[in-house]
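Trainee: I would like to go through the charged side-chain contacts of this model with you. May we begin once it is displayed?

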Amino acid sequence: MNNNENQQVMLTVEEYEDYKNYMQLKERDSKKAEVDKLEKKVIRLKDKIKEINEQKQIIKKKYRL
């Protein structure tokens, strides 16, 4: 075994904190992207419901239900 195989990687406290913060930001960003995606779906669904309700009103008027 050469010397490099025996060495452990050691992080300073600052490096560890930076890494931890980076991972938290990364996780938060991925959750934010997921939330944004879901919010867009909700908006599309609300638009669809509004369109269906408008069509329902037209049908009611047409057949006077």
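Trainee: In which helix do Asp 36 and Lys 32 both lie?

Mentor: This is a predicted model. The side chains of Asp 36 and Lys 32 meet in a salt bridge, at 3.3 Å from N to O. The two residues are four residues apart, about one turn of the helix, and the helix that holds both is H2.

Trainee: Is Asp 36 buried, partly exposed or exposed?

Mentor: The relative accessible area of Asp 36 is 29%. Buried would require under 20%, and exposed over 50%. Asp 36 is therefore partly exposed.

Trainee: What is the distance between the closest N and O atoms of Lys 20 and Glu 17?

Mentor: Lys 20 and Glu 17 both lie in helix H2 (residues 13-63), three residues apart, about one turn of the helix. Lys 20 is partly exposed at 33% relative accessible area, and Glu 17 is partly exposed at 32%. A salt bridge requires the nitrogen to be within 4 Å of the carboxyl oxygen. Lys 20 and Glu 17 form a salt bridge, and their closest N and O atoms are apart by 3.8 Å.

Trainee: Which residue meets Asp 29 in a salt bridge?

Mentor: Side chains of opposite charge can pair when their charged atoms come close. Asp 29 counts as partly exposed, with 42% relative accessibility. At 3.6 Å from N to O, the side chain that meets Asp 29 in a salt bridge is that of Arg 28.

Trainee: How many salt bridges does the structure hold?

Mentor: The pairs discussed include Asp 36 with Lys 32 and Asp 29 with Arg 28. For the structure, the number of salt bridges is four.

Note on methods: Residues numbered from 1 in each chain as written. Predicted model: local features only at pLDDT ≥ 70, side-chain atom pairs only at ≥ 80, totals over all residues. Heavy atoms only, no water. Buried < 20%, exposed > 50% of the residue type's maximum accessible area, 1.4 Å probe, protein only.
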